[in-house]
Amino acid sequence: MKIAFVGKGGSGKTTLSSLFIRHLAANEAHVIAVDADINQHLGAALGLDEAEAAALPALGAHLPLIKDYLRGSNPRIASADTMIKTTPPGEGSRLLRVVEDNPVYDACARTVRLDDGDIRLMATGPFTESDLGVSCYHSKVGAVELCLNHLVDGPEEYVVVDMTAGSDSFASGMFTRFDMTFLVAEPTLKGVSVYRQYKEYARDFGVALKVVGNKVQGPDDTAFLREEVGDDLLVTVGHSNWVRAMEKGRPPRFELLEADNRMALQSLQNAAEDSYAARDWERYTRQMVHFHLKNAENWGNARTGADLAAQVDPSFMLGEHIPVAQPG
Ligand SMILES: Nc1ncnc2c1ncn2[C@@H]1O[C@H](COP(=O)(O)OP(=O)(O)OP(=O)(O)O)[C@@H](O)[C@H]1O
Ligand SMILES: [Mg+2]
C-alpha cells in the first residue's frame, strides 16, 4: 500500500504521518516511511534525536546508485544518465519490495526502532533555497517517484510518504502513485483551500483523496469541515497531549495515545486497505507511462538528448505477479 500525507504547511502532516506509522507498526504491518516534506521532520517525529536525524542519508544524494540499480538489464534504458524521475520499469528492470534487503535500502534507508517494532525510514534530504526552483527540487523528490514506480507492494506492506502538496508533485506523476492520499486540514479556510486545489488536480486521475481534520476542537470545527469538504472528510483528530509530551522530548509509550486518536488512526488504515484492495495495476502502469511521456516531451528529451519515449516497454505491467530480481 502506498500512502501520502499532504496539506498546508503546519497542518500536521508530519505529526499524523508519524502517528500513523506507529499505529501500523503496532498492528504488525511492514512499513517504509519516506520523508519528502520541505521541512524534514519525520525522523524527529519518529523519535530520532537531532544527531540521528541529521545522519539520515539523503535519497537525492544517491540518485546515480538508485537509477543504476533499478535500471538493471533493461535494454530500453541505455544508461542511468538517461533515466529521469518518471522513467518506467520494463523487462529487465529491478523492482523493489517493501520487505527485502537491496542496495537502495542499504544506501538510503535506516531502521528506526519504535515501541512496537522496527520500520525503515528514507528521506529526500533537506531542500535548500535553490531546490525550490524547478530542477533540483525535482531530482530530490524524483528519487521517491522512481522508487514508487519500481515498487511492488503487498497487502500487509506500507509505504507512507510525508510530502508537500506543491505544484511540483502535479507536474510529475507523483500525486497519482498512492492508493490513498490523506489531506490534513485544519478547520480553516486556508486548510480547505489546499484540499480544493488538490481535488481539482486529482479529479481526472482517479486519485483516492480523503481529508483528515486536525487540531479540531469541537463540533463547530467538525461541522465546518463537513460543510466545506463533504463526504471527503474521513475523520478528525483533536489536540493530542501525547503529541505534546513527545514534543517536550518525553514520549510516552505509544499504547498511551488517546483512545479517540487511536480510533482515528484505525479509520485511516481501514480506508487505505479498502482503496488498496481496489488497486488497478493496469491503470497504475498506464499513468506512469502517461506522465513519463509528458515529462519526456516537456523537458526530458531536451535534457538528456535521447528519445525517452523509447524507454516505455509496451508489454510491461507492474504487479505482484512479477518475479523480483535478486540483488547482486
Ligand atoms: N493533533 C495534534 N495535537 C497536538 N499537536 C499537534 C497536532 N497536530 C500537529 N500538532 C503540532 O503542530 C505543529 C505542526 O505540526 P507538523 O509539524 O506535523 O505539521 P506539518 O504539516 O508537517 O508542518 P510543515 O509544513 O512545517 O512540515 C507541531 O508542533 C505539532 O506537534
Ligand atoms: Mg512536516
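View 1. Helix H1 (13-26) and helix H10 (241-247) each contribute at least two residues to the shell around ligand 1; helices are DSSP runs of H or I with at least four residues, numbered from the N terminus. The largest share of this shell, 3 residues, is supplied by H1. The model is predicted: local features need pLDDT of at least 70, side-chain atom pairs count only at pLDDT 80 or more, and totals for chains, interfaces and linings use all residues. Residues are numbered from 1 along each chain as its sequence is written, ligands are numbered from 1 in the order in which they are written, and side-chain values use heavy atoms, without hydrogens and water.

**View 2. The shell around ligand 1.** Ligand 1 is surrounded by 18 residues, the closest being Thr14, Thr15, Asp37, Ser240 and Glu247; a residue is near when one of its heavy atoms lies within 4 Å. The shell comprises 2 nonpolar, 11 polar and 5 charged residues. Asp, Glu, Lys and Arg count as charged, Ala, Val, Leu, Ile, Met, Phe, Trp, Tyr, Cys and Pro as nonpolar, and the others, Gly among them, as polar.

**View 3. Side-chain contacts with ligand 1.** A polar side-chain atom of asparagine 214 is 2.9 Å from a nitrogen atom of ligand 1. For lysine 215, a polar side-chain atom lies 3.3 Å from an oxygen atom of ligand 1. An N or O atom in the side chain of glutamate 247 lies 2.8 Å from an oxygen atom of the ligand.

Notes:
A polar contact is a pair of N or O atoms within 3.5 Å; within protein, one must be able to donate a hydrogen and the other to accept it, and residues adjacent in sequence count only if both atoms are side-chain atoms.
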